[in-house]
Amino acid sequence: MATVVEMPLETYQSIIEPDWCPGCGDFGVLRALEIAAQKLRLATKDIFVVSGIGCSSNLPGFFHGYGVHSLHGRAVAVASGAKLANHGLHVVITGGDGDGYGIGLNHFIHAMRRNLDLTYIVMNNQIYGLTTGQASPTTSKGHKTKSTPRGNVEAPINPVALALVSGATYIARGFSGEAKHMADLIADGIAHKGFSLVDVFSPCVTYNLINTYPWFKQRVYKLEDDKGYNPADMESAFTKSFEWGDKIPIGLFYKGDELTYEDSEPALKKGPLVHQPLGLEKNLFESLMEEFY
Amino acid sequence: MASHGERCGVVVKQCEDELAVVNMAIGAGHAGVRAMCATSGGGFALMTEGVGMAGMIEAPVVIVEVQREGPSTGIPTKTGQGDLNQVYGASQGDFPRVIIAPTDTADCYWTAVESFNLAEKYQLPVMIISDLLLSEHPETIEPDDLRHDVPIERGEMVADWPGGNGPYKRYACTPTGVSPRALPGTAGAEYVSPTDEHDEEGIVISDVFTTPPMRRKIMEKRMKKMDGVLKELKPPQLEGPLDAPVTLIGWGATLGVIRESRALLAARGIQTNHLHIKYIHPFHAAEVTAILRKCKKLIGVEGNYTAQFARFLRAETGIGVHDTILKYDGEPFEPAIIAAEVERLLAGRPLNLDVSVEDAREMAYHYIRTHLADAARPTEVELADGNSHGEPLWHVQVVDRSSGVSRGQLKIGVRTGSIYAWEPVAAAAQA
């Protein structure tokens, strides 16, 4: 649980230097997560960061806390199991667009409608970067990549709209060029009770030469700067989620208030499962046996 | 189970797919609870990548695979033993894991207890391979066969890790291969478990610098755990007279039916003994080899087409069975079937796979259900010359179910089982 003293940022840095390409957007996400943990005064022992496979999924190894660098597409499932086992942990999922919106899409949708108290940070670079530049589920239509030499013919996934219809209760979008802003979104996402999605524009400086830092810098604006925008209003959030082109919103799209899965699970009323005693008391065992008589 | 969750301190979750199931179970096991999931053959196929992950990150998890009759969707309402190859071969690479085939209902209870203990002590996936018959049949057992005070062994755990200890090594290379486990939430022992190959601290060695000697030692550390597991498992023992002319070899849920078939055979003056295998992996190769070397005619009994266990036995011991009794029609073995097959083998008669009169009648019922609106039934079955079909035929007379008036006859190939022709009464009269 949260400690009282604010930790220096180094507290959250592992001994391993990130091996991302210089300039990779994922550096900004790592820094933002460190700042968010610092802001929330989280103890490193209570942070559990789960990732899948991909460049961005290397993140847990660069962060000081507990975690699992799991299988391609399965981070959300592993994180869900860990959260159900010990809901005292702050469980954060980190990964890329291929991992979360491609191979792991099924878990993503079901975790949202389940409303487990998880925070999912997707480093969305609109490309398969680790495999050197093929079209991903969020690659724009027409984008020429190694696997789409005549231009991508598939429409991209819209993560924010998808999260809205799937029941996520905290939906935000960050940009690696705005690390402090993103850190606030992540911190609020972790503090939020329920499933939080923070989709992040995290440019791949090596394999996506279209959706670059300058491309985003010219377009993004913060929803917080729009005084009329109300993130409690799902309809406005839905409209905003389709805004794409010359102007692209970042910030908090939607925040709702629903009971979490953990709070609805009767077996967890007595506290985290991991702290509950193992085994069956004799009288409970006998009453179970009686059901068969 | 779900309705007992709150009382028993169990979270039961049905998920979107088996990928979620196994990965959630692994996440839960990694986080420190006892986690288990269950599926059948198709679902287990989806789980296999997760099995390897549990082996790699050394997460305790118990996975139950209830065999039905495959391949593919197969006969999902019926039983079989055709998934041994799949369970044994699950996931890429070599990694420590345990495979246990429980033998009866009470044994399932104790197998679950043992599986959780092994999974936690050795930090690995334990697969329980059952079958539909064992998992879904009702049976009366003695209440005293089950007890509440089961042994709970969680293995070596690290409760805290004070600053002066140096870095906590989640995957410390130890003589036993078991690295004391700190659960997430333990102060001072933070680590990340990667599915990539890693060093003692969990730092990946899979990219630019793969450090071959470190990879070698961490592989050896993980695999060494299997030595410890094997020592904990009770070796199989031969039942029945040592000098019996026939040894029946079975595995898993056929224990009871093989015992009963031996009693039938004994009543007919045929002595047999019986070696039954519960622990598939790790395998008691030395003990089983020593037993089988002293046996005479080895007959493998199992519910699949290719004698998967016999092949496995040969791989583990170099000993091949002399004969097999195999069943793959979805129905469980019956004592009389095994006994008759043993008698046939002893008499040196060849295996007869022809369609019997009873088979022909059952196949006629299928035809009547699907093509005659279930309004008829078969009566006489006669053997006839096949003429142009190149094999003898069963001529099955079919009559109206209520009036008994002839509807026609079915022609079924004795060897192939092909339903060559349905000849309604009018057409038959014309011919």
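Strand β8 (residues 246–251) and strand β11 (residues 297–302), both of chain B, pair in the parallel sense over four bridges; strands here are DSSP E runs of at least two residues and helices are H or I runs of at least four, numbered from the N terminus, and two strands pair if DSSP finds at least two bridges between them. The structure is a predicted model, in which local features need pLDDT of at least 70 and side-chain atom pairs count only at pLDDT 80 or more, while totals for chains, interfaces and linings use all residues. Residues are numbered from 1 along each chain as its sequence is written, with chains lettered from A and ligands numbered from 1 in the order in which they are written.

Another open sheet of chain B has four strands in the order β13-β14-β15-β16, with antiparallel pairing. Its edges are β13 (376–384) and β16 (419–424) of chain B, each with a single partner strand, so one side of each lacks a neighbour in the sheet. Neighbouring strands of this sheet are turned by 20 degrees against each other on average, direction ignored. Seven bridges join β13(B) to the antiparallel strand β14 (residues 393–400) of chain B, and B:A376 stands opposite B:D400 in β14(B). Helix α12 (residues 357–371) of chain B lies across β13, β14, β15 (406–413) and β16 of chain B, at about 140 degrees to β13(B).

The account now turns to the two chains together. In all, 47 residues of chain B are in contact with 45 residues of chain A. On the side of chain B that touches chain A, α1 (5–8), α2, α3 (41–57) and β6 (192–194) of chain B each supply at least two residues, and α2(B) gives the most, with ten. Strand β2 (residues 66–69) of chain A runs parallel to β6(B) and is joined to it by three bridges; there A:H69 stands opposite B:P194.

The largest nonpolar core has 153 residues, and A:V50, A:A82, A:I121, A:I171, A:I186 and B:A25 have the most contacts inside it. Such a core is a set of buried Ala, Val, Leu, Ile, Met, Phe, Trp, Tyr and Cys residues joined through C-beta atoms within 7 Å, where buried means that 20 or more other C-beta atoms lie within 10 Å of the residue's own, with C-beta atoms placed from the backbone. Helix α2 (residues 18–31) of chain B provides the largest share of this core, nine residues. Leaving aside residues up to four places away in sequence, B:A25 touches A:G81, B:A35, B:M36, B:C37 and B:V61. A second, separate core of 13 residues includes B:I368, B:L393, B:V396 and B:V398.

Note on methods:
Buried ≥ 20, exposed ≤ 12 C-beta atoms within 10 Å, placed from the backbone. Contact = placed C-beta atoms within 7 Å. Axes fitted to C-alpha atoms, helices over the stretch in contact; angles between N-to-C directions.
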